[in-house]
Amino acid sequence: MKHFKIKAFVAATIVAGTAGGAFAADYELSVNTALATSDPLYKGLEAFRDNVAAATDGAVEVRLFPNSQLGPDEDVLEQARAGAPVAVIVDGGRLAVFQNEFGILGAPFLASGYDGIRKVVTSDMFNGWVDELASGSGLQVLSFNWWQGERHLLTNKPVNGPDDLAGVRMRTPGAPVWTGTIRAMGAEPTPLPWADVYNAIQTNTIDAAEAQLPAVIGANLDEVISNITKTGHINLITGMVTSAQWFQSLPEEYQTVLLDEALKAGDVASHGTEDSLAQIESDLEAEGVEVSEIDTAVFEERTASVYDELGYGELRDKVRAIAAGE
C-alpha cells in the first residue's frame with residue numbers, strides 16, 4: 001500500500017505543477033473519483049469545475065480525474081490529510097476511521113432515495129460531524145450530497161434470499177459498515193479496489209459484487225455478470241472531501257465558493273442519477289443481464305444487527321427521524 005501512496009502523491013504533485021504560464025490559476029484542486037466519465041455523477045463534477053472557475057474568475061482551477069487516476073480513495077484521503085490540494089468523492093464508511101459517525105451513512109436500509117438522505121447530510125447534526133472531522137483529522141467536507149443510487153447484488157446466479165449467497169465471495173469496500181452488511185446478508189465480503197472488480201470476476205477471484213446501477217455500466221460489468229438483484233441494501237450517498245489545511249489556506253471568499261458550488265453540483269449529480277436509472281436498467285437488460293425485484297424483508301431483518309454491532313443503534317433513530325423530516 002505504501003507503494004501506491006507514493007505513486008499517487010507523485011501524480012498529484014505533478015498535476016499541481018503543470019499549470020505554468022501567464023494564465024495559471026492561483027489555486028488548483030485535483031478531484032479524484034473511482035467512477036467513469038459516463039456516470040451521471042461526473043456531470044456534476046463538470047458543473048463544479050466550470051462554476052468554480054466562473055465564480056472565481058479563473059483563480060481556482062478544478063481538475064477532474066475519473067477512474068481513480070490519482071489512486072485508490074484511501075490513498076487520496078491520506079494525501080489530503082497531508083495538505084495536498086486534492087479531493088476525492090468518497091463514502092461515509094471510509095471516513096468512519098477518522099470520525100465514527102460518518103459510518104452510519106453506509107449502513108443498511110437507512111433511507112431510500114435521495115430526498116431523505118439529503119436532509120441528513122445538510123442537517124445541523126451532520127455539520128457538527130464535518131467540523132469535528134476537519135479539526136480532528138485534517139479532512140474538509142465540501143458537500144456530501146452526491147447520491148449515486150441504491151446498491152444491488154451483482155452475481156452470476158439468481159438470488160432470492162440469504163441462502164443463495166452462502167459461500168459467495170462478494171466484493172465490497174473494506175469499511176466495517178460495508179463488510180458487516182454483506183456478511184449479514186449471507187455472503188463473504190471481499191474488499192477490493194473498484195477498478196479491480198471486472199478482472200476479479202472474470203478470473204473467478206471473486207464470485208460477485210454489489211454496486212449501484214450507474215457504476216455497473218461505467219465498469220462494463222454487464223460483460224462478466226448475468227444477474228442483478230435489486231436489494232437496495234445501501235443508499236449510496238457520497239461526499240467531496242479535500243484537505244482542511246489547503247482549504248483553510250484559501251481566501252475566505254474562495255472557501256465560500258467551493259462550499260456553495262459543491263452543494264449545487266451535488267444536486268446536479270444526484271438528480272442526474274435519479275433521471276438515468278430507468279434507462280440504465282433497460283440498457284442492462286438489453287445486454288442480457290437479468291434484473292430482478294425481490295422481497296427484501298429478510299435482508300432487512302438480517303442486517304438490523306449491524307447497527308448495534310458498530311454502536312449505531314441510538315444514532316440510527318436520530319438519522320431516520322431527520323430523513324423523515326421529523
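**Labels and the values behind them**

Guide: Let's start with a pair of strands: β4 (residues 139-155) and β7 run antiparallel to each other, joined over four bridges. Strands here are DSSP runs of E with at least two residues, helices are runs of H or I with at least four, and both are numbered from the N terminus. This is a predicted model, in which local features need pLDDT of at least 70 and side-chain atom pairs count only at pLDDT 80 or more, while totals for chains, interfaces and linings use all residues. Residues are numbered from 1 along each chain as its sequence is written, and side-chain values use heavy atoms, leaving out hydrogens and water.

Visitor: What makes β5 and β7 a pair?

Guide: Pairing requires that DSSP finds at least two bridges between two strands. Strand β5 (residues 169-171) has two bridges to β7, so the pair qualifies, and these strands run parallel. Ala 209 in β7 is the bridge partner of Arg 171, and Leu 154 also stands opposite Ala 209.

Visitor: Why is β7 called mostly covered?

Guide: Five of the five residues in β7 (residues 208-212) are buried, where buried means under 20% relative accessible area, exposed over 50%, and partly exposed in between, with a 1.4 Å probe and protein chains only. In a regular strand the side chains alternate between the two faces of the sheet. Here Ala 208, Glu 210 and Gln 212 are buried on one side, and Ala 209 and Ala 211 on the other.

Visitor: How do you know that Lys 230 and Glu 281 form a salt bridge?

Guide: A salt bridge needs a side-chain nitrogen of Lys or Arg within 4 Å of a carboxyl oxygen of Asp or Glu. For Lys 230 and Glu 281 the N to O distance is 2.9 Å, so the pair meets the rule. Lys 230 is in strand β8 and Glu 281 in helix α11 (residues 252-286), so this bridge ties together parts 51 residues apart in sequence. Lys 230 is buried, at 18% relative accessible area, and Glu 281 is buried at 18%.

Visitor: What makes Glu 314 exposed?

Guide: Its relative accessibility is 61%, so Glu 314 counts as exposed. Its salt-bridge partner Lys 318, with the closest N and O atoms 3.9 Å apart, is partly exposed at 44%. Both lie in helix α14, four residues apart, about one turn of the helix.

Visitor: Why is Leu 315 called buried?

Guide: Leu 315 has 14% relative accessibility, so it counts as buried. Leu 315 belongs to helix α14 (residues 313-323) and touches Glu 101, Ile 104, Met 125 and Trp 129, not counting residues up to four places away in sequence. Touching is a contact, with heavy atoms within 4.5 Å.

Visitor: What makes the protein chain as compact as a globular protein of its length?

Guide: The chain has 14 helices and nine strands. Its radius of gyration is 19 Å, close to the 20 Å that the globule rule gives for 326 residues, so it is as compact as a globular protein of that length. That radius is taken over C-alpha atoms, and the rule is 2.2 Å times the number of residues to the power 0.38.

Visitor: Where does pLDDT stay under 50?

Guide: That stretch is residues 1-22; pLDDT is the predictor's confidence in each residue, from 0 to 100. Where pLDDT is low, the predicted coordinates should not be read in detail. The mean pLDDT of the protein chain is 92, with 93% of its residues reaching 70 or more.
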